[in-house]
Amino acid sequence: MAVPTESQAEETKHDYSKEASLPNPDPPGDSQTAAIVSEHTQYMVATYVRPPPMMVKGEGCYLWDIENRKYLDFTAGIAVNALGHCDPEMAKLIGQQARTLIHTSNLYHNPWTGALSQVMVQKTRASGSMSEASKVFICNSGSEANEAAIKFARKVGKVRQPSGSQHEIVSFNNSFHGRTMGSLSATPNPKYQKPFGPMIPGFVYGTYNDEAGIKVLVTEKTCGVIVEPIQGEGGVNVATSSFLQALRDRCNEVGAVLIYDEIQCGLSRTGQLWAHQNLPESAHPDILTTAKALGNGFPIGATMVTEKVAECVVTGDHGTTFGGNPLACRLAHYIFSRLSEPELQQGVMEKEKIFRKGFERLRKRFPEVIKEVRGRGLILGLQLTQDPTPIVTAARERGLLIITCGTNTLRFVPPLIISDEEIEEGLAKLEQAMEAALSSKEQVEGTKGQQEMAPKER
(Lines give C-alpha, C1' and ligand atoms only; values in the text may rest on other atoms or scores of the structure.)
Protein backbone atom coordinates (compact mmCIF):
# COMPACT_ATOMS: atom_id res chain seq x y z
CA MET A 1 0.00 0.00 0.00
CA ALA A 2 1.34 3.43 -0.93
CA VAL A 3 2.65 5.65 1.86
CA PRO A 4 3.11 9.41 1.35
CA THR A 5 6.74 10.49 0.92
CA GLU A 6 8.28 13.19 3.11
CA SER A 7 7.84 15.77 0.33
CA GLN A 8 4.22 14.75 -0.21
CA ALA A 9 3.53 15.05 3.50
CA GLU A 10 5.03 18.53 3.45
CA GLU A 11 2.76 19.50 0.53
CA THR A 12 -0.33 18.23 2.36
CA LYS A 13 0.23 19.92 5.71
CA HIS A 14 -3.10 20.17 7.43
CA ASP A 15 -4.61 22.80 9.68
CA TYR A 16 -4.96 20.63 12.78
CA SER A 17 -6.24 23.57 14.82
CA LYS A 18 -9.30 23.60 12.58
CA GLU A 19 -9.56 19.80 12.87
CA ALA A 20 -9.58 20.02 16.65
CA SER A 21 -12.60 22.32 16.52
CA LEU A 22 -14.67 19.96 14.36
CA PRO A 23 -16.40 16.79 15.57
CA ASN A 24 -15.91 15.01 12.20
CA PRO A 25 -13.09 16.70 10.24
CA ASP A 26 -12.29 15.34 6.79
CA PRO A 27 -9.18 13.13 6.89
CA PRO A 28 -6.05 15.19 6.07
CA GLY A 29 -3.66 14.60 3.20
CA ASP A 30 -1.22 12.64 5.35
CA SER A 31 -3.88 10.28 6.73
CA GLN A 32 -4.37 6.54 6.19
CA THR A 33 -7.42 7.36 4.06
CA ALA A 34 -5.44 9.66 1.76
CA ALA A 35 -2.75 7.01 1.31
CA ILE A 36 -5.27 4.35 0.25
CA VAL A 37 -7.15 6.74 -2.02
CA SER A 38 -3.89 7.84 -3.66
CA GLU A 39 -2.95 4.22 -4.32
CA HIS A 40 -6.33 3.21 -5.75
CA THR A 41 -7.45 6.19 -7.82
CA GLN A 42 -4.67 5.75 -10.37
CA TYR A 43 -6.45 2.56 -11.45
CA MET A 44 -10.00 3.98 -11.51
CA VAL A 45 -11.72 5.81 -14.37
CA ALA A 46 -12.42 9.29 -13.01
CA THR A 47 -16.19 9.43 -13.42
CA TYR A 48 -16.80 10.85 -9.93
CA VAL A 49 -15.30 13.53 -7.70
CA ARG A 50 -15.54 12.19 -4.18
CA PRO A 51 -15.00 13.90 -0.82
CA PRO A 52 -12.04 12.67 1.29
CA PRO A 53 -13.68 10.08 3.65
CA MET A 54 -13.64 6.38 2.73
CA MET A 55 -16.67 4.51 4.05
CA VAL A 56 -16.10 1.02 5.41
CA LYS A 57 -19.08 0.18 7.62
CA GLY A 58 -22.81 0.87 7.84
CA GLU A 59 -25.56 0.11 10.32
CA GLY A 60 -29.09 1.47 10.21
CA CYS A 61 -28.91 5.18 9.44
CA TYR A 62 -25.19 5.55 10.16
CA LEU A 63 -21.94 5.09 8.25
CA TRP A 64 -18.35 4.88 9.52
CA ASP A 65 -15.22 5.74 7.58
CA ILE A 66 -11.83 4.06 7.77
CA GLU A 67 -10.74 6.59 10.43
CA ASN A 68 -13.75 5.45 12.51
CA ARG A 69 -15.61 8.73 12.05
CA LYS A 70 -19.37 8.26 12.38
CA TYR A 71 -21.88 9.90 10.00
CA LEU A 72 -25.65 10.19 10.13
CA ASP A 73 -26.74 9.41 6.57
CA PHE A 74 -29.46 11.63 5.07
CA THR A 75 -28.58 10.35 1.55
CA ALA A 76 -29.30 6.59 1.85
CA GLY A 77 -26.98 5.91 -1.08
CA ILE A 78 -29.08 8.30 -3.22
CA ALA A 79 -32.48 6.99 -2.07
CA VAL A 80 -31.31 3.37 -2.23
CA ASN A 81 -30.93 2.18 1.38
CA ALA A 82 -34.59 2.63 2.31
CA LEU A 83 -34.28 -0.06 5.01
CA GLY A 84 -30.99 1.38 6.22
CA HIS A 85 -27.50 -0.01 5.96
CA CYS A 86 -26.84 -3.71 6.48
CA ASP A 87 -30.42 -4.71 7.31
CA PRO A 88 -29.98 -7.91 9.42
CA GLU A 89 -32.63 -9.97 7.61
CA MET A 90 -31.25 -8.95 4.23
CA ALA A 91 -27.75 -9.99 5.31
CA LYS A 92 -29.13 -13.34 6.49
CA LEU A 93 -30.93 -13.93 3.17
CA ILE A 94 -27.79 -13.09 1.18
CA GLY A 95 -25.92 -15.81 3.03
CA GLN A 96 -28.70 -18.38 2.64
CA GLN A 97 -29.25 -17.79 -1.06
CA ALA A 98 -25.53 -17.52 -1.83
CA ARG A 99 -25.13 -21.04 -0.42
CA THR A 100 -28.10 -22.28 -2.46
CA LEU A 101 -28.09 -20.69 -5.93
CA ILE A 102 -26.84 -17.34 -7.22
CA HIS A 103 -27.15 -17.45 -11.00
CA THR A 104 -28.51 -19.69 -13.75
CA SER A 105 -29.21 -17.16 -16.55
CA ASN A 106 -32.64 -16.64 -18.07
CA LEU A 107 -32.27 -19.85 -20.07
CA TYR A 108 -33.87 -21.62 -17.10
CA HIS A 109 -36.65 -20.98 -14.60
CA ASN A 110 -35.87 -20.18 -10.96
CA PRO A 111 -38.37 -19.72 -8.12
CA TRP A 112 -37.59 -16.10 -7.28
CA THR A 113 -37.91 -14.16 -10.56
CA GLY A 114 -41.55 -15.14 -10.85
CA ALA A 115 -42.23 -14.73 -7.13
CA LEU A 116 -40.87 -11.17 -7.18
CA SER A 117 -42.88 -10.31 -10.31
CA GLN A 118 -46.02 -11.71 -8.71
CA VAL A 119 -45.68 -9.79 -5.45
CA MET A 120 -44.90 -6.56 -7.28
CA VAL A 121 -47.99 -6.79 -9.50
CA GLN A 122 -50.33 -7.93 -6.73
CA LYS A 123 -49.24 -5.39 -4.12
CA THR A 124 -49.14 -2.58 -6.67
CA ARG A 125 -52.74 -3.20 -7.71
CA ALA A 126 -53.85 -3.70 -4.09
CA SER A 127 -52.29 -0.34 -3.16
CA GLY A 128 -54.48 1.54 -5.63
CA SER A 129 -51.56 2.22 -7.98
CA MET A 130 -51.17 1.23 -11.65
CA SER A 131 -54.57 -0.46 -11.82
CA GLU A 132 -53.72 -2.48 -14.96
CA ALA A 133 -50.27 -3.69 -13.87
CA SER A 134 -49.82 -7.13 -15.37
CA LYS A 135 -46.23 -8.27 -15.92
CA VAL A 136 -42.66 -7.38 -14.90
CA PHE A 137 -39.27 -7.44 -16.60
CA ILE A 138 -36.44 -7.76 -14.05
CA CYS A 139 -33.06 -6.17 -14.82
CA ASN A 140 -30.07 -4.75 -12.92
CA SER A 141 -30.45 -0.97 -12.58
CA GLY A 142 -32.63 2.07 -13.08
CA SER A 143 -31.02 2.95 -16.40
CA GLU A 144 -31.75 -0.56 -17.64
CA ALA A 145 -35.34 -0.36 -16.41
CA ASN A 146 -35.83 2.86 -18.39
CA GLU A 147 -34.01 1.42 -21.38
CA ALA A 148 -36.50 -1.46 -21.40
CA ALA A 149 -39.41 1.00 -21.05
CA ILE A 150 -38.18 3.02 -24.05
CA LYS A 151 -37.76 -0.12 -26.15
CA PHE A 152 -41.19 -1.41 -25.16
CA ALA A 153 -42.78 1.93 -26.08
CA ARG A 154 -41.02 1.85 -29.45
CA LYS A 155 -42.25 -1.71 -30.01
CA VAL A 156 -45.84 -0.71 -29.22
CA GLY A 157 -45.50 2.14 -31.71
CA LYS A 158 -44.13 -0.27 -34.34
CA VAL A 159 -47.03 -2.67 -33.78
CA ARG A 160 -49.52 0.19 -34.14
CA GLN A 161 -47.74 1.73 -37.13
CA PRO A 162 -45.51 -0.83 -38.92
CA SER A 163 -44.19 2.01 -41.11
CA GLY A 164 -42.30 3.32 -38.07
CA SER A 165 -44.04 6.70 -38.15
CA GLN A 166 -45.01 6.43 -34.45
CA HIS A 167 -41.53 6.35 -32.90
CA GLU A 168 -40.94 9.56 -30.93
CA ILE A 169 -40.30 9.54 -27.17
CA VAL A 170 -41.27 12.62 -25.17
CA SER A 171 -39.44 13.54 -21.97
CA PHE A 172 -39.08 16.72 -19.94
CA ASN A 173 -36.49 19.33 -19.04
CA ASN A 174 -34.73 18.79 -15.68
CA SER A 175 -35.49 15.09 -15.84
CA PHE A 176 -32.96 12.33 -15.22
CA HIS A 177 -33.60 8.87 -16.64
CA GLY A 178 -30.14 7.32 -16.77
CA ARG A 179 -26.78 7.23 -18.58
CA THR A 180 -27.17 4.46 -21.17
CA MET A 181 -27.62 5.92 -24.65
CA GLY A 182 -31.39 5.45 -24.70
CA SER A 183 -32.06 6.71 -21.19
CA LEU A 184 -29.49 9.48 -21.71
CA SER A 185 -31.31 10.59 -24.86
CA ALA A 186 -34.39 11.01 -22.65
CA THR A 187 -32.38 13.17 -20.21
CA PRO A 188 -32.19 16.66 -21.78
CA ASN A 189 -29.28 18.00 -19.75
CA PRO A 190 -26.37 19.36 -21.84
CA LYS A 191 -23.91 18.44 -19.09
CA TYR A 192 -24.74 14.76 -19.54
CA GLN A 193 -25.54 14.69 -23.27
CA LYS A 194 -22.95 16.95 -24.93
CA PRO A 195 -19.87 14.72 -24.47
CA PHE A 196 -21.66 11.78 -26.11
CA GLY A 197 -23.69 13.39 -28.89
CA PRO A 198 -25.34 12.91 -31.19
CA MET A 199 -28.13 11.40 -29.13
CA ILE A 200 -30.42 8.66 -30.42
CA PRO A 201 -32.88 10.31 -32.81
CA GLY A 202 -36.57 10.56 -32.10
CA PHE A 203 -36.54 12.23 -28.66
CA VAL A 204 -38.59 15.36 -28.04
CA TYR A 205 -38.35 17.54 -24.92
CA GLY A 206 -41.04 19.55 -23.16
CA THR A 207 -41.49 21.74 -20.09
CA TYR A 208 -42.42 19.99 -16.85
CA ASN A 209 -45.87 20.92 -15.54
CA ASP A 210 -46.72 22.85 -18.72
CA GLU A 211 -50.23 21.56 -19.46
CA ALA A 212 -50.79 24.07 -22.24
CA GLY A 213 -47.91 22.68 -24.28
CA ILE A 214 -48.92 19.01 -24.15
CA LYS A 215 -51.05 18.95 -27.30
CA VAL A 216 -48.22 20.28 -29.47
CA LEU A 217 -45.61 18.15 -27.69
CA VAL A 218 -47.39 14.78 -27.83
CA THR A 219 -48.49 14.02 -31.39
CA GLU A 220 -49.44 11.15 -33.70
CA LYS A 221 -45.69 10.50 -34.03
CA THR A 222 -45.35 9.89 -30.28
CA CYS A 223 -45.02 6.26 -29.17
CA GLY A 224 -44.16 7.01 -25.54
CA VAL A 225 -44.00 9.71 -22.88
CA ILE A 226 -41.62 9.24 -19.93
CA VAL A 227 -42.02 11.41 -16.84
CA GLU A 228 -41.00 11.40 -13.18
CA PRO A 229 -43.94 12.12 -10.83
CA ILE A 230 -41.26 13.78 -8.69
CA GLN A 231 -38.01 14.83 -10.36
CA GLY A 232 -35.23 13.78 -8.00
CA GLU A 233 -32.00 14.82 -9.69
CA GLY A 234 -33.73 17.80 -11.28
CA GLY A 235 -34.41 19.51 -7.96
CA VAL A 236 -37.21 17.57 -6.19
CA ASN A 237 -39.82 19.09 -8.49
CA VAL A 238 -43.32 17.65 -7.99
CA ALA A 239 -45.61 17.10 -10.98
CA THR A 240 -49.12 18.47 -10.52
CA SER A 241 -51.96 15.97 -10.65
CA SER A 242 -53.58 17.90 -13.48
CA PHE A 243 -50.36 17.76 -15.54
CA LEU A 244 -50.08 13.98 -15.20
CA GLN A 245 -53.79 13.57 -15.98
CA ALA A 246 -53.41 15.75 -19.08
CA LEU A 247 -50.46 13.62 -20.22
CA ARG A 248 -52.52 10.45 -19.75
CA ASP A 249 -55.45 11.91 -21.67
CA ARG A 250 -53.25 13.00 -24.56
CA CYS A 251 -51.50 9.61 -24.69
CA ASN A 252 -54.92 7.99 -24.97
CA GLU A 253 -55.82 10.30 -27.85
CA VAL A 254 -52.74 9.49 -29.94
CA GLY A 255 -52.19 5.88 -28.81
CA ALA A 256 -48.92 6.54 -26.98
CA VAL A 257 -47.57 4.67 -23.97
CA LEU A 258 -47.30 6.61 -20.68
CA ILE A 259 -44.23 5.75 -18.60
CA TYR A 260 -43.82 6.79 -14.97
CA ASP A 261 -40.19 6.74 -13.86
CA GLU A 262 -40.45 6.11 -10.12
CA ILE A 263 -36.90 4.92 -9.67
CA GLN A 264 -36.17 7.54 -7.00
CA CYS A 265 -39.62 8.63 -5.82
CA GLY A 266 -41.32 5.21 -5.65
CA LEU A 267 -41.31 2.31 -3.19
CA SER A 268 -42.95 4.23 -0.32
CA ARG A 269 -40.57 7.19 -0.32
CA THR A 270 -43.60 9.48 -0.53
CA GLY A 271 -45.50 7.54 2.15
CA GLN A 272 -47.37 5.63 -0.55
CA LEU A 273 -46.13 2.55 -2.39
CA TRP A 274 -45.90 4.55 -5.61
CA ALA A 275 -45.78 8.32 -6.00
CA HIS A 276 -48.72 8.31 -8.44
CA GLN A 277 -50.97 6.46 -6.00
CA ASN A 278 -52.87 9.67 -5.18
CA LEU A 279 -54.02 9.94 -8.80
CA PRO A 280 -57.30 8.51 -10.14
CA GLU A 281 -57.10 5.34 -12.25
CA SER A 282 -57.64 7.50 -15.33
CA ALA A 283 -54.11 8.91 -14.84
CA HIS A 284 -52.28 5.64 -14.19
CA PRO A 285 -49.34 4.62 -16.41
CA ASP A 286 -48.86 1.85 -18.97
CA ILE A 287 -45.28 1.29 -17.78
CA LEU A 288 -43.69 1.87 -14.37
CA THR A 289 -39.94 1.74 -13.78
CA THR A 290 -38.22 1.14 -10.46
CA ALA A 291 -34.78 0.29 -9.03
CA LYS A 292 -32.78 1.97 -6.21
CA ALA A 293 -34.68 0.94 -3.05
CA LEU A 294 -35.84 -2.31 -4.67
CA GLY A 295 -32.49 -3.90 -3.78
CA ASN A 296 -31.60 -1.75 -0.74
CA GLY A 297 -28.07 -1.63 -2.13
CA PHE A 298 -28.04 -4.85 -4.12
CA PRO A 299 -28.20 -4.13 -7.89
CA ILE A 300 -31.66 -4.74 -9.35
CA GLY A 301 -34.24 -2.86 -11.41
CA ALA A 302 -37.67 -3.63 -12.82
CA THR A 303 -40.05 -2.51 -15.55
CA MET A 304 -43.74 -3.18 -14.83
CA VAL A 305 -46.17 -3.12 -17.74
CA THR A 306 -49.86 -3.50 -18.56
CA GLU A 307 -51.15 -6.39 -20.63
CA LYS A 308 -51.54 -4.08 -23.64
CA VAL A 309 -47.80 -3.42 -23.57
CA ALA A 310 -46.80 -6.98 -22.68
CA GLU A 311 -48.64 -8.49 -25.63
CA CYS A 312 -46.51 -6.40 -28.02
CA VAL A 313 -43.23 -7.73 -26.60
CA VAL A 314 -42.31 -11.18 -27.89
CA THR A 315 -39.48 -13.65 -27.34
CA GLY A 316 -36.17 -12.15 -28.42
CA ASP A 317 -37.26 -8.50 -28.23
CA HIS A 318 -35.27 -7.86 -25.08
CA GLY A 319 -33.07 -9.69 -22.60
CA THR A 320 -30.49 -9.59 -19.82
CA THR A 321 -27.76 -11.91 -18.62
CA PHE A 322 -27.82 -11.10 -14.92
CA GLY A 323 -31.33 -9.68 -14.57
CA GLY A 324 -33.71 -11.86 -12.58
CA ASN A 325 -31.00 -13.92 -10.91
CA PRO A 326 -32.20 -15.84 -7.81
CA LEU A 327 -30.09 -13.88 -5.32
CA ALA A 328 -31.22 -10.42 -6.40
CA CYS A 329 -34.85 -11.48 -6.74
CA ARG A 330 -35.03 -13.21 -3.37
CA LEU A 331 -33.64 -10.08 -1.71
CA ALA A 332 -36.00 -7.79 -3.65
CA HIS A 333 -38.99 -9.99 -2.73
CA TYR A 334 -38.21 -9.44 0.95
CA ILE A 335 -37.44 -5.73 0.50
CA PHE A 336 -40.55 -5.01 -1.59
CA SER A 337 -42.71 -6.77 0.99
CA ARG A 338 -41.18 -4.69 3.79
CA LEU A 339 -41.52 -1.41 1.91
CA SER A 340 -45.17 -2.06 1.09
CA GLU A 341 -46.16 -2.33 4.76
CA PRO A 342 -48.77 0.32 5.76
CA GLU A 343 -47.03 0.95 9.09
CA LEU A 344 -43.79 1.91 7.36
CA GLN A 345 -45.65 4.16 4.93
CA GLN A 346 -47.52 5.91 7.74
CA GLY A 347 -44.20 6.42 9.51
CA VAL A 348 -42.79 8.13 6.40
CA MET A 349 -45.62 10.65 6.43
CA GLU A 350 -45.12 11.38 10.13
CA LYS A 351 -41.39 11.84 9.62
CA GLU A 352 -42.02 14.29 6.80
CA LYS A 353 -43.78 16.53 9.32
CA ILE A 354 -40.69 16.57 11.55
CA PHE A 355 -38.47 17.50 8.62
CA ARG A 356 -40.80 20.27 7.48
CA LYS A 357 -41.05 21.68 10.98
CA GLY A 358 -37.25 21.73 11.19
CA PHE A 359 -36.95 23.30 7.74
CA GLU A 360 -39.35 26.04 8.77
CA ARG A 361 -37.13 26.83 11.77
CA LEU A 362 -34.13 27.03 9.46
CA ARG A 363 -36.03 29.19 7.01
CA LYS A 364 -36.83 31.70 9.73
CA ARG A 365 -33.20 31.75 10.82
CA PHE A 366 -31.75 32.01 7.29
CA PRO A 367 -34.48 33.82 5.32
CA GLU A 368 -32.04 35.21 2.76
CA VAL A 369 -30.72 31.74 1.94
CA ILE A 370 -33.66 29.30 2.08
CA LYS A 371 -36.13 30.08 -0.68
CA GLU A 372 -38.50 27.08 -0.79
CA VAL A 373 -39.18 23.57 0.54
CA ARG A 374 -40.31 20.99 -2.04
CA GLY A 375 -41.20 17.31 -2.17
CA ARG A 376 -43.32 14.70 -0.43
CA GLY A 377 -42.64 12.12 2.26
CA LEU A 378 -38.91 11.54 2.58
CA ILE A 379 -37.87 12.94 -0.79
CA LEU A 380 -37.50 16.60 0.11
CA GLY A 381 -35.60 19.53 -1.33
CA LEU A 382 -34.43 22.76 0.27
CA GLN A 383 -34.06 25.39 -2.45
CA LEU A 384 -31.27 27.83 -1.65
CA THR A 385 -30.34 31.17 -3.17
CA GLN A 386 -26.66 30.21 -3.41
CA ASP A 387 -24.28 27.31 -3.97
CA PRO A 388 -24.92 24.68 -1.25
CA THR A 389 -21.49 23.02 -1.53
CA PRO A 390 -20.00 24.77 1.55
CA ILE A 391 -23.01 23.62 3.58
CA VAL A 392 -22.59 20.03 2.38
CA THR A 393 -18.93 20.12 3.42
CA ALA A 394 -19.64 21.72 6.78
CA ALA A 395 -22.39 19.17 7.45
CA ARG A 396 -20.07 16.25 6.65
CA GLU A 397 -17.44 17.67 9.00
CA ARG A 398 -20.10 17.66 11.71
CA GLY A 399 -21.13 14.06 11.02
CA LEU A 400 -24.08 14.55 8.64
CA LEU A 401 -24.21 13.38 5.01
CA ILE A 402 -26.43 15.36 2.63
CA ILE A 403 -26.41 15.74 -1.15
CA THR A 404 -27.51 18.27 -3.75
CA CYS A 405 -29.63 18.23 -6.90
CA GLY A 406 -31.03 20.64 -9.47
CA THR A 407 -29.68 24.17 -9.13
CA ASN A 408 -28.66 25.12 -5.56
CA THR A 409 -30.96 22.53 -3.98
CA LEU A 410 -30.16 20.45 -0.92
CA ARG A 411 -31.75 16.99 -1.23
CA PHE A 412 -32.93 14.88 1.70
CA VAL A 413 -33.59 11.18 1.00
CA PRO A 414 -32.75 9.39 4.28
CA PRO A 415 -33.55 5.74 5.04
CA LEU A 416 -37.28 5.29 5.53
CA ILE A 417 -36.60 3.60 8.87
CA ILE A 418 -34.97 6.73 10.32
CA SER A 419 -36.15 7.55 13.84
CA ASP A 420 -37.59 10.85 15.03
CA GLU A 421 -34.52 11.32 17.22
CA GLU A 422 -32.16 10.79 14.30
CA ILE A 423 -34.07 13.34 12.23
CA GLU A 424 -33.75 15.91 15.03
CA GLU A 425 -30.06 15.07 15.41
CA GLY A 426 -29.51 15.63 11.70
CA LEU A 427 -31.47 18.87 11.63
CA ALA A 428 -29.38 20.19 14.52
CA LYS A 429 -26.18 19.31 12.64
CA LEU A 430 -27.58 20.94 9.51
CA GLU A 431 -28.25 24.16 11.41
CA GLN A 432 -24.71 24.14 12.79
CA ALA A 433 -23.35 23.54 9.30
CA MET A 434 -25.37 26.37 7.78
CA GLU A 435 -24.29 28.70 10.55
CA ALA A 436 -20.63 27.82 10.01
CA ALA A 437 -20.73 27.90 6.21
CA LEU A 438 -22.71 31.10 5.94
CA SER A 439 -20.78 32.99 8.61
CA SER A 440 -17.53 31.87 6.96
CA LYS A 441 -18.76 33.21 3.63
CA GLU A 442 -19.70 36.52 5.20
CA GLN A 443 -16.22 36.82 6.70
CA VAL A 444 -14.58 36.07 3.34
CA GLU A 445 -16.78 38.60 1.54
CA GLY A 446 -16.14 41.18 4.25
CA THR A 447 -12.38 40.73 3.91
CA LYS A 448 -12.66 40.88 0.13
CA GLY A 449 -14.64 44.13 0.40
CA GLN A 450 -12.01 45.69 2.66
CA GLN A 451 -9.26 44.67 0.23
CA GLU A 452 -11.14 46.18 -2.70
CA MET A 453 -11.65 49.45 -0.80
CA ALA A 454 -8.06 49.78 0.38
CA PRO A 455 -6.47 51.11 -2.86
CA LYS A 456 -9.14 53.79 -3.14
CA GLU A 457 -8.46 54.91 0.41
CA ARG A 458 -4.75 55.19 -0.36
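This is a predicted model: local features need pLDDT of at least 70, side-chain atom pairs count only at pLDDT 80 or more; totals for chains, interfaces and linings use all residues.

User: Why is α5 called roughly antiparallel to α13?

Analyst: The axes of α5 (residues 88-98) and α13 (residues 326-339) come within 10 Å and cross at roughly 150°. Angles over 145 degrees count as roughly antiparallel (under 35 is roughly parallel, 65 to 115 roughly perpendicular, the rest oblique), so α5 gets the roughly antiparallel label against α13. Angles run from 0 to 180 degrees between N-to-C directions, with axes fitted to C-alpha atoms, for helices over the stretch in contact.

User: Which residues make the contact of α5 and α13?

Analyst: Contact means heavy atoms within 4.5 Å. On α5 they include Met-90, Leu-93 and Ile-94, and on α13 they include Leu-327, Leu-331 and Tyr-334. The contact residues divide into nine nonpolar, two polar and two charged. Nonpolar here is Ala, Val, Leu, Ile, Met, Phe, Trp, Tyr, Cys and Pro; charged is Asp, Glu, Lys and Arg; polar is the others, Gly among them.

User: What makes β10 mostly covered?

Analyst: Buried means under 20% relative accessible area (exposed is over 50%, partly exposed in between, with a 1.4 Å probe and protein chains only). In β10 (residues 257-261), five of its five residues are buried. Val-257, Ile-259 and Asp-261 point one way, Leu-258 and Tyr-260 the other.

User: How do you know that β10 pairs with β7?

Analyst: Two strands pair if DSSP finds at least two bridges between them. β7 (residues 222-227) and β10 have four, in the parallel sense, and Val-227 stands opposite Tyr-260. Three bridges also join β10 to β11 (residues 287-290), again parallel.

User: Why are β13 and β16 said to stand at the edges?

Analyst: The open sheet runs β13-β14-β17-β16, with antiparallel pairing. β13 (370-376) and β16 (403-405) each have a single partner strand, so one side of each is left without a neighbour in the sheet. From one strand to the next, the twist averages 30°. Inside that order, four bridges join β14 (residues 379-384) to β17 (residues 409-412), with Gly-381 opposite Arg-411. Helix α14 (residues 342-365) packs on this sheet, touching β13, β14 and β17.

Methods:
Residues are numbered from 1 along each chain as its sequence is written. Side-chain values use heavy atoms; hydrogens and water are left out. Helices (H or I, at least four residues) and strands (E, at least two) are DSSP runs, numbered from the N terminus.
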